[in-house]
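Q: Could you take me through this structure step by step? I have not looked at it before.

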Amino acid sequence: MSPVKLQGSDDAKPVEQGKGCVTTELKGLETIAPLVCSVEETPEPLSTEVQGTIPTWINGKLLRNGPGKFEFGNTHYNHWFDGMAMLHQFKIENGTVTYMSRFLNSDAYKKNSERDRIMMSEFGTLAMPDPCKNFFQRFLSRFEMMEPTDNASVSFVKYKGDYYVSTETNFIHKVNPENLETLEKVDWSKFIAVNGATAHPHYDPDGTTYNMGNSYGSKGALYNIISVPPEKTDAKDTLQGAKVLCSIVPANKSHPSYYHSFAMSENYVVFIEQPIKMDLLKIVTCKLRGKALSEGIYWDPSQETVFHLVHKRTGEVSSVKYHTRAISTFHQVNAFEEDGFLMLDMCCSDDGQAINNYLIQNLRKAGDALDEVYNTMCRAFPRRFVLPLNVTSETLTGQNLNTRPSSTATCVKTSKDKVFCHHEDLHGDDLCEYGGLEFPQINYGRCNTRPYRYFYGCGFRHLVGDSLLKMDLNDKTLKVWYQKGFYPSEPVFVPSPDAVEEDDGVILSVVLTPSQDKGTFLLVLDAKTFDELGRANVPVNMPYGFHGTFNTSA
């Protein structure tokens, strides 16, 4: 499908977004409040009605994760990230689709359900003292350390062939992809000295899994690169054999950076130390002060963003640090090495305050108030940074080291171990019309850590994705799927069994329709043409979720 002309408001005004990209200030945004409302689970498989054709070679399960319950009794969550994890399964077999969902049976979910009130604090919601306790007990509870949540609502991940759901604390849950049953709660800190890990690990072809997690000690915070071996030594294995490859000291130990993910090339893990900062004193004392953990996170645009390179085999941290101006990033597209350079592709924003804007009250706004929330947020755009790998004492300062003729990115050695980088845009001006791009995905099995041509994502002319995009890096042109009033999830690429070219396969996305009761469907696009092949209508209401994966059936 070619780019679709989007309708703008007559009184829409252009808004500068970083350098060289002007987006349109939007008016009259549709309310998406139904996409952040609690729903019931569907624990038994439900048949769907298929329109068009779903290729019979697609054989497996699309697994998705995201918040599905936003209140208990008369207590309500404040932030989108706080809602109780709901797991979704779309089973695709012989051109048919069934759907089921279950709440993750976490300790947080069980404790909250038993008391019908919020008992465990989440990212943006502080659990208030139990009213059943006497005044003195309630007062003392303010001085207790906040218990980390096990509400793993962000993504599905794999370790040693098993599926887990993850958030960013030290707890993950093993789940059964066949029926979404919660099997086992696993604590990272029982295996290695970390206090959490991201929900976006990376995988080597041999199955080795890499991740990152912080540790907090008397001397402050450390960023840790983690590896998990590919195979079990025992049937009951979870994270046994995990190890910390190396630790990186933050620029400010009491104000480390927040990070949601990291990048990986064939030989390196790339950690992006960004100016979204965590005030550890505020976070440690949030319960005492009666504030949510999110209040300890802030954006400091006076700080540069720093790229740290860690060799995956040796754990050696490069002494050369690659700097750029203050940017924020949640998701990387890809990273690969070529001709002595490391290309780092990621979705970036020139502002890091978005995380604090996704309050449930903002997502449920309507009219001018909703327009204002959207128009004051900075959009994310795909960018490439080119990092020279062979910087030595002999390397000249003050000149552009990027010798790639097709690239407009620059990298200049400014001192002994510092290279300052400026990005090139991985898009044309037309992407500004679609509100930038987030939730990037590639043909991971074929292209991760390697040169590639295509990536996919959601366009964001709303607070959630409202279009599906395919970017061709050869000429930075877009293909678009857009239908007014429809809100697609993160696209998942599934290669066809006889694939020759990189984009031979389909894109799967769950599309929600807030203006229509139970207007949910699984969309299947031809990844090459971006034409719709079919959709499976699911007669349920579903909240807008975060991330997922496709589990191919044997």
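**Strands, rings and a helix**

A: Strand 24 is joined by 8 bridges to strand 25 (residues 341-349), and the two run antiparallel. Two strands pair if DSSP finds at least two bridges between them. Strands (E, at least two residues) and helices (H or I, at least four) are DSSP runs, numbered from the N terminus.

Q: What kind of model is this, and how are residues numbered?

A: This is a predicted model, in which local features need pLDDT of at least 70, side-chain atom pairs count only at pLDDT 80 or more, and totals for chains, interfaces and linings use all residues. Residues are numbered from 1 along each chain as its sequence is written, and side-chain values use heavy atoms, leaving out hydrogens and water.

Q: Which residue stands opposite Ala 335 in strand 25?

A: Leu 344 does. In the hairpin of strand 24 and strand 25, with 2 residues between the strands, Asp 339 has a positive phi near 55°.

Q: Why is strand 24 described as largely enclosed?

A: Of the 11 residues of strand 24 (residues 328-338), 9 are buried, so the rest of the structure largely encloses it. Buried means under 20% relative accessible area, exposed over 50% and partly exposed in between (1.4 Å probe, protein chains only).

Q: Moving on, how many aromatic pairs are there?

A: The structure holds 22 aromatic pairs. Rings of Phe, Tyr and Trp (its six-membered ring) pair if their centres lie within 6.5 Å; planes under 30 degrees apart count as stacked, over 60 as edge-to-face and the rest as tilted. One of the pairs is Phe 72 with Tyr 109, whose ring centres are 6.3 Å apart with planes at 65°, so it is edge-to-face.

Q: Where do Phe 72 and Tyr 109 lie?

A: Phe 72 is in strand 6 (residues 71-72) and Tyr 109 in helix 1 (residues 107-115), so the pair ties together parts that are 37 residues apart in sequence. The rings of Phe 103 and Tyr 109 have centres 5.1 Å apart and planes at 20°, so that pair is stacked.

Q: Which residues of helix 1 are buried?

A: They are Ala 108, Tyr 109 and Asn 112. Those buried residues pack against strand 5 (60-69), strand 6, strand 8 (84-93) and strand 9 (96-103), where contact means heavy atoms within 4.5 Å.
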